[in-house]
2 protein chains.
Amino acid sequence: MERVSEQELFLNLGEKMTNIRDIAKMAGVSVTTVSRVINNHPYVSEEKRNHVLEVMKKTNYQINMKAVQLSKGKSQMIGVVVPFATNPFFGLLIEGIANQAVKHHFHFVLIQTNYEKEREQEALNMLKHKQIDGLIITSRIAEMQEVEAYVPYGEIVVCENATNNQLISSVYLDHYQVIFRALQYLYNHGHRKIGYCTGRESGANSYYRKKAYKEFLEEKELSYDSSYVFTDNFFFEDGHEIVSKIVSMKNPPTALLVTSDGVAAGILTAGEKVGINVPDELAIIAFDNQPSAKMLDITTFEVPLVQMGEKLFLQAIGKYPIRHEELEVTLIERKTV
Amino acid sequence: MERVSEQELFLNLGEKMTNIRDIAKMAGVSVTTVSRVINNHPYVSEEKRNHVLEVMKKTNYQINMKAVQLSKGKSQMIGVVVPFATNPFFGLLIEGIANQAVKHHFHFVLIQTNYEKEREQEALNMLKHKQIDGLIITSRIAEMQEVEAYVPYGEIVVCENATNNQLISSVYLDHYQVIFRALQYLYNHGHRKIGYCTGRESGANSYYRKKAYKEFLEEKELSYDSSYVFTDNFFFEDGHEIVSKIVSMKNPPTALLVTSDGVAAGILTAGEKVGINVPDELAIIAFDNQPSAKMLDITTFEVPLVQMGEKLFLQAIGKYPIRHEELEVTLIERKTV
DNA sequence: TCTTGCTCTGAAACGCGTTCCATGCTCTAT
DNA sequence: ATAGAGCATGGAACGCGTTTCAGAGCAAGA
């Protein structure tokens, strides 16, 4: 075991970050052996292992994960695309993702799109360029076909019913059925003039929801009134505008199906200010069971968002083959219907 | 310009991902030239540039960012440590960070600690192991000294007054002064029995807040009552317990300083249920001006969180030398005092 | 005419850990 | 005694883009 004078080497290396080869030279072993020590491979004698460990300590050796990632071809990192990080809906999804990420020694980069296509494209490119191993798209803007083109580069998971898709996994709610159920609930409470407040108009989930709304009206032989449909509502603040529209209507709806608690909360508080009595004058049923719904006693459907995030993550790291999981929602009856 | 038969090469490479060397061989140029084309370096003749571009298109060449990162020694990625991602406070900080990240072609990995030291340690290790170029710690658990040990590995920024620190930048609020101001406001409204609800007890910001609370009482010659201090309150739900404690007190506070809107909202709604009149019976002043404060007309201090996030980011990428920026808060008078 | 200074190009080294493959031993099973 | 199995170790290739340096060609300024 010929060994270069350690003292000398320590001095010469000076500022430069020591790497695995430096360690090998100093310890008088091969780089392979050093690598084995780092990775706790059993085929290293105690003597050499200890010596390598010592040298690593002495030189304050720090592994360079960028090299590991390049070498292994994996980054232990997934991307998470969300339209808005502040929205509790996505916050809870992130919570679930984070839970599982920790357990699996993964990290995730958050990509906030604000529903700008360019941002989503950027996320897909990260996958293509191997910055991330997988991608969770909680809400998409691009066509499904476009997204599919990135499947060769890594696992992609979406939050919508994609049961007929062989390439992309999904964890989703049956929005059609859920909306139908909510409407039926309002109907059973005597409502015949039911309004519909949602986020964006486009998008797979929105499609099914709108479809359910229309088909429900048809089934019950109620007429469709486009002024009863309110779109682009995402945050608490958006509820105010809805109320101002409603108060100016000659024949306002008696009930509102709102696709997010935050907006429902906005409607409720804005309504209170102008003297709208909930639920007598206006019933409200919402979704998610976020803190704001608890706070204001809003009747809502609880959506298992944390669990959804966890499942999304596990699909994204390729733990399972392509598959499609549906989650159930639970009605929480409170005081707004 | 000797050139290997392209046709042949295309066939031979088959499945294997093409890399810069393959492209070089196929195009009959050096890897340097290919690299120049990729990076739009001017010193490449139009002819060669076009030809390389063509070959890249034909082979569907995709750059491997992991290699770029290793080579450049930078990941264009920062870490963001937050205790909870769902909390709107941190959500808004993230919003600001995301805004600037996009502009600077950076990405960020979110590390949710739940105030577990191990998680924070992991984030620091990512810095040490070059997975990230910089780190934003929005709320820390480790001692400042421990954190400082990681400064050699990359920029670190914290959200607390660190003005005397030469190694770590900070973007912060003068919590001492702000709490004093809030207490004075309650005092001016006639309150002498003022309670204090906060998040965790430890932590730099908490230290200054607690200090301000105590010193304010001293200055006004009010006695300190430990039952007036409520800790570990982070979310809406936590407000309920505070209320149940208050109703069981013989001599309850007439005003509450709450360090987060979410908790204040919880107190307000729980209080309403047990018939506590706000502000007559119990005044509440809070912080952040989150949606919940707007929703429930809570008097609060607006904190420029998005802006804070943006500044944090710019510090984290080393845009400026180590520095400490203080941000101002604005009192928003509503109906709870 | 000579020097200076671009423009254009490529070989080779660099950043750094992982992994395949070969080699040499020792020990156990036959 | 011998073959097969497992242990220990190292050389070299691999993953892949960037960068330094050297050299050639050519035009403008001295």
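Axes are lines fitted to C-alpha atoms, for helices over the stretch in contact, and angles between them run from 0 to 180 degrees between N-to-C directions. The legends below describe close-up views of a predicted model.

**View 1. Packing of helices α9 and α10 in chain A.** Two packed helices are described by the angle between their axes and the distance between the axes. Helix α9 (residues 175-188) of chain A packs against helix α10 (residues 204-219) of chain A at an angle of about 40°, and the two axes are 8 Å apart. The helices α9(A) and α10(A) are therefore oblique to each other. In this arrangement α9(A) passes α10(A) in a right-handed crossing.

**View 2. Residues at the contact of α9(A) with α10(A).** From α9(A), the contact involves A:His175, A:Tyr176, A:Ile179, A:Phe180, A:Leu183, A:Gln184 and A:Tyr187. Among the residues they meet in α10(A) are A:Tyr208, A:Ala212, A:Tyr213 and A:Phe216, together with A:Arg209, A:Lys211, A:Glu215 and A:Glu219. By class, the residues of this contact divide into nine nonpolar, three polar and four charged.

**View 3. Surroundings of A:Tyr187.** A:Tyr187 lies in helix α9 of chain A. Its relative accessible area is 19%, and because buried means under 20%, A:Tyr187 is classed as buried. Apart from neighbours within four places in sequence, A:Tyr187 is in contact with A:Arg192, A:Ile194, A:Phe216, A:Lys220 and A:Leu222. A:Lys16 is 171 residues from A:Tyr187 in sequence, and their C-alpha atoms are 73 Å apart in space.

**View 4. Cysteine 197 in chains A and B.** A:Cys197 is buried, with a relative accessible area of 1%. B:Cys197 also counts as buried, at 1% relative accessibility. Over all chains, the count of disulfides comes to zero.

View 5. Most residues other than glycine have a negative phi, and most peptide bonds are trans. A:Pro279 is placed in the loop between α12 (261-273) and β9 (283-288) of chain A. The loop between α12 (261-273) and β9 (283-288) of chain B holds B:Pro279.

**View 6. Positive phi values at A:Asn60 and A:Tyr115.** A:Asn60, a residue other than glycine, has a positive phi near 55°. A:Asn60 is found in the loop between α4 (46-58) and α5 (65-72) of chain A, and at 41% relative accessibility A:Asn60 counts as partly exposed. For A:Tyr115, phi is positive and near 60°; A:Tyr115 has its place in the loop between β2 (107-112) and α7 (117-128) of chain A.

Conventions: Residues are numbered from 1 along each chain as its sequence is written. Chains are lettered from A and ligands numbered from 1 in the order in which they are written. This is a predicted model: local features need pLDDT of at least 70, side-chain atom pairs count only at pLDDT 80 or more; totals for chains, interfaces and linings use all residues. Side-chain values use heavy atoms; hydrogens and water are left out. Helices (H or I, at least four residues) and strands (E, at least two) are DSSP runs, numbered from the N terminus. Angles under 35 degrees count as roughly parallel, over 145 as roughly antiparallel, 65 to 115 as roughly perpendicular and the rest as oblique. A crossing is left-handed if the near helix is turned anticlockwise from the far one by less than a right angle, and right-handed if clockwise. Contact means heavy atoms within 4.5 Å. Ala, Val, Leu, Ile, Met, Phe, Trp, Tyr, Cys and Pro count as nonpolar, Asp, Glu, Lys and Arg as charged, and the others, Gly among them, as polar. Buried means under 20% relative accessible area, exposed over 50%, partly exposed in between (1.4 Å probe, protein chains only). A disulfide is a pair of cysteine sulfur atoms within 2.5 Å.
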